[in-house]
Amino acid sequence: MHIIQAYTPVTTDRVPAFSTYHQESIPKEWLVALPSDDLLDVRTYPDTCGLLTEREVTITNTRDVDVLLNRLASAEWSAVEVTTAFYKRAIVAHQLVNCLTEIFVERALVRAAELDEHLKRTGRVVGPLHGLPISLKDQISIKGLEVTMGYASWIGKYSDHDAVMTQILYACGAIPFVMTNIPQALMWPETYNLIYGRTSNPANRTLTCGGSSGGEGALIAMRGSPLGIGSDLGGSVRYPSAFNGLYGLRPSYGRLPYSGCVNSLEGQDSAPSSLGPISGSLSGIKMFMRAVLAQEPWLLDPLCVRKKWDEDAYKLADHGGGEKLCFAIMWDDGDVVPNPPVLRALETTKAALEAAGHTVIDWKALKHQELYDCLVSIWMAGSVSDIAATTAETGEPRLTSMSPEGSASIETGVDYTPGISAYELWQLQKKRITLREEYLAHWRATAVRTGTGRPVDAIIAPVTTSPPPPQGLTKISAYTVTWSALNYVCCVFPVTSVDPEMDAKRPPHAFLSGRDQENYELYEPERFKNAPIGLQVIGGTLEEEAVIAMTEVVDAALKARAATCG
């Protein structure tokens with residue numbers, strides 16, 4: 001927690017002083033000797049750095065959130081010791097990959113002690129997430145703490161309220177314990193801002209961790225948090241999940257409460273972003289969704305869909321009970337062919353599902369570039385004005401690239417264009433409706449090919465066309481934005497990591513576009529060594545329960561295949 005007490009307009013001249021306050025929020029006894037920059041994969045460094053006890057290493061290496069919750073509920077592990085263990089590991093992670101913004105140790109431990117006392121006194125947990133430390137993206141407001149959303153202009157701006165999501169976490173017995181780094185204004189697939197700097201990928205610190213929920217992805221990959229909450233407008237939960245070997249859910253917008261968070265493009269309600277969980281285990285995703293929906297968030301957020309957790313949907317009642325599913329794999333979107341490790345992940349997943357008795361067919365992308373262009377045009381209708389409304393008074397520069405300082409700026413694929421008229425915006429929204437209608441018909445027409453009598457149960461697709469790129473070089477977001485345009489539910493799952501021998505560069509193919517050629521030329525196997533590779537399961541609008549269940553099917557098939565094939 002920082003010392004500044006009141007919000008006043010600032011320029012970037014204030015950033016050095018702010019950084020000092022930020023550094024002082026780290027307990028001095030939790031600072032560790034850091035490895036050489038030559039150590040690229042630092043995911044296990046906390047295990048051996050000497051700060052964590054053997055018991056704390058065991059706690060933080062318990063990836064299954066169900067196991068953590070059961071041990072907390074039985075008082076085998078106290079909330080204080082679990083929170084302390086994850087906090088210490090989070091601080092080590094921050095020293096290695098720069099993933100945190102708000103650090104409030106004392107506050108979190110007071111909350112943990114209250115939960116322990118309640119359990120001891122009553123014999124009952126406070127709620128389904130009792131004692132679980134949960135990290136929050138730096139846009140989910142916590143009363144009394146700063147939330148900057150990557151704007152230097154918002155240094156010293158303290159929240160006077162808890163976001164609805166924060167309120168619900170407290171009601172569920174959870175312990176919000178850190179806030180995590182983001183890019184300026186959120187709308188980037190990497191993580192860098194003028195206040196906190198850049199967050200790196202723990203598997204290879206020369207690569208990006210993704211964005212905009214990049215601090216969450218990096219922290220959870222370091223096992224510094226068992227579960228975190230990000231947000232996803234065009235891929236901001238999915239990129240960090242895939243780039244860090246994690247599970248992440250992009251719900252349809254409105255399924256989870258957003259009220260009380262800060263955000264970009266506020267008032268743009270044609271295609272808003274969604275809050276979504278990121279975790280090292282699928283059980284974390286499921287438990288989070290069930291817990292939050294059980295609190296009836298629509299009673300606190302008027303834009304939240306009134307839809308309780310549907311156990312029948314989770315049991316795949318509309319998908320043959322899950323006995324024999326038909327998945328469709330999208331090998332490419334017709335514009336850019338993924339790199340070899342991504343293609344290998346698709347091939348591995350197909351083989352695993354077929355070995356488990358499911359059917360896999362090919363998915364033909366329909367007008368994906370049109371969907372992408374349409375949605376980006378809607379977002380960019382007022383983006384420059386939105387950012388300027390925050391930065392103009394203070395003189396904070398608007399970032400135009402995520403490239404490291406001194407590097408040449410790169411084309412991100414998204415142009416910040418001048419605003420358009422309301423009528424022009426309506427035409428884009430009208431076009432998007434037509435494209436959604438066409439895509440639904442395209443999906444339903446697959447019933448003649450599945451062998452189940454149903455349309456394809458879910459699509460499996462890349463999250464992006466490459467492994468996590470070097471800092472500043474993430475350019476192609478169509479593989480996530482398209483599904484946002486359709487408002488489909490997406491769940492990311494880890495598959496593999498880059499192996500330079502298995503994922504050797506292939507001979508050039510007939511390039512589908514200039515972007516395809518750029519993507520091909522970017523890939524050099526050694527450059528991406530050990531980089532995680534994830535894919536996404538895609539289901540229909542508001543099909544969160546079914547998509548989680550089908551991701552469990554895919555995940556189980558992959559684990560069974562790994563156990564068999566080694």
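# Briefing: helix faces, sheet and cores

The buried residues of helix H14 (residues 383-391) are Ser 383, Ile 387, Thr 390 and Thr 391; buried means under 20% relative accessible area, exposed over 50%, and partly exposed in between (1.4 Å probe, protein chains only). Seen down the axis of H14, these buried residues fall within an arc of 90°, so they line one face of the helix. The arc is that of the directions from the helix axis to the C-beta atoms. The model is predicted: local features need pLDDT of at least 70, side-chain atom pairs count only at pLDDT 80 or more, and totals for chains, interfaces and linings use all residues. Residues are numbered from 1 along each chain as its sequence is written, and side-chain values use heavy atoms, with hydrogens and water left out.

**Helix H14**
- Ser 385 and Ala 389 are exposed on the other side of H14.
- Helix H13 (368-379) is included in what covers the buried residues of H14. Helices (H or I, at least four residues) and strands (E, at least two) are DSSP runs, numbered from the N terminus.

**Helix H6**
- Helix H6 (residues 105-122) has 18 residues and reaches 26 Å from its first C-alpha to its last, close to the 26 Å expected at 1.5 Å a residue. The expected span is 1.5 Å times one less than the number of residues.
- In H6 the buried residues are Val 105, Ala 108, Arg 111, Ala 112, Leu 115, Asp 116 and Leu 119. They lie on the same side of H6, because they cover an arc of only 140° around the axis.
- An α-helix has 3.6 residues a turn, so residues three or four places apart point the same way.
- Glu 106, Lys 120 and Arg 121 are exposed on the other side of H6.
- The cover over the buried residues of H6 includes helix H4 (65-73), H5, strand E1 (100-103), helix H7 (164-171) and strand E3 (175-180).
- Gly 123 follows H6 and has a positive phi, near 75°.

**The sheet**
- An open sheet of 11 strands runs in the order E1-E3-E2-E8-E10-E9-E14-E15-E13-E11-E12, with mixed pairing. Two strands pair if DSSP finds at least two bridges between them.
- E1 and strand E12 (359-362) stand at the edges with a single partner strand each, so one side of each is left without a neighbour in the sheet.
- From one strand to the next, the twist averages 30°. Axes are lines fitted to C-alpha atoms, for helices over the stretch in contact, and angles run from 0 to 180 degrees between N-to-C directions.
- Strand E8 (residues 227-232) pairs with strand E10 (residues 274-279) in the antiparallel sense over six bridges. Gly 230 stands opposite Gly 276 in E10.
- H5 packs on the sheet and touches E1, strand E2 (133-137) and E3, its direction making about 5° with that of E3. Contact means heavy atoms within 4.5 Å.

**Helix H19 and Glu 544**
- H19 lies across strands including E9 (247-250) and E14 (489-497), running at about 15° to E14.
- Glu 544 is found in helix H19 (residues 544-565) and is buried, with a relative accessible area of 0%.
- Not counting residues up to four places away in sequence, Glu 544 touches Leu 249, Pro 251, Ser 252, Arg 255, Met 289 and Val 489.

**Nonpolar cores**
- Tyr 87 and Ile 460 touch the most other members of the largest nonpolar core, which has 117 residues. Helix H5 (residues 79-97) gives the most to this core, with 11 residues.
- A nonpolar core is a set of buried Ala, Val, Leu, Ile, Met, Phe, Trp, Tyr and Cys residues joined through side-chain atoms within 4.5 Å.
- A second, separate core of 34 residues includes Ile 361, Trp 363, Trp 379 and Tyr 439.
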